[in-house]
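Please read it alongside the model.

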Amino acid sequence: VRLCEAQVFYAAISEDLEILRQSESKIMGLLKALPHLPEVWYVYGYCLSEFGRYFSTEDYYFQAISKFKKGLEIRSSHPVLLHATALAY
């Protein structure tokens, strides 16, 4: 999970769309294996937020909020998810 988060962070800083897409692909694999972990939903939402920033499209932010909320359904007091949700709004 942390490797994907770092990859999304790097893609955001470098504005490298290909790395962001690679991250999304890895995250999808994590979701299949570990859907019960709120951290996976956080990283997926973070990735979608970065797509939204890259393309300047609010639809990605709405998708990100949806993923953050799924993580919050698992652990409602997860501080990183709460913060990420607030930032996406």
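Searching the whole structure turns up one cavity of 30 Å³ or more. A cavity here is a set of points, on a 1 Å grid over the protein atoms alone, where a 1.4 Å probe fits but cannot get out. Points are joined across faces, edges and corners, and volume is the space filled by probe spheres set on them. The largest cavity holds about 30 Å³.

This is a predicted model: local features need pLDDT of at least 70, side-chain atom pairs count only at pLDDT 80 or more, and totals for chains, interfaces and linings use all residues. Residues are numbered from 1 along each chain as its sequence is written, and side-chain values use heavy atoms, with hydrogens and water left out.

Lining residues have an atom within 4 Å of a cavity point. For the largest cavity they are Ala11, Ala12, Glu15, Asp16, Leu17, Leu20, Glu50, Arg53 and Tyr54. Helices H1 (2–14), H2 (17–33) and H3 (38–55) each give two or more residues to this lining. H3 supplies the largest share, three residues. Helices are DSSP runs (H or I, at least four residues), numbered from the N terminus. By class, the lining has five nonpolar, no polar and four charged residues. In this scheme Ala, Leu and Tyr are among the nonpolar types, while Asp, Glu, Lys and Arg count as charged.

The largest nonpolar core has 25 residues. Such a core is a set of buried Ala, Val, Leu, Ile, Met, Phe, Trp, Tyr and Cys residues joined through side-chain atoms within 4.5 Å. Elements giving two or more residues to this core are H1, H2, H3, H4 and helix H5 (79–88). H3 again leads, with nine residues. Ile27, Tyr42 and Phe68 have the most contacts inside the core.

Contact means heavy atoms within 4.5 Å.

| Residue | Contacts |
|---|---|
| Ile27 | Cys4, Val8, Val40, Val43, Tyr44, Cys47 |
| Ser49 | Tyr61, Ala64, Phe68, Ala88 |
| Tyr60 | Leu48, Phe51, Gly52, Phe55 |

Ser49 lies in helix H3. Its relative accessibility is 12%, so Ser49 counts as buried. Tyr60 sits in helix H4 (residues 58–74). Tyr60 counts as partly exposed because its relative accessibility is 26%. The cut-offs are under 20% for buried, over 50% for exposed and in between for partly exposed (1.4 Å probe, protein chains only). Tyr60 and Gly45 are 15 residues apart in sequence and 8.9 Å apart in space, C-alpha to C-alpha.

Key: On a 1 Å grid over the protein atoms alone, a cavity is a set of points where a 1.4 Å probe fits but cannot get out, and a pocket is an open set with protein on both sides within 12 Å along at least five of seven lines; lining residues have an atom within 4 Å of a point. Lists of a residue's contacts leave out its neighbours within four places in sequence.
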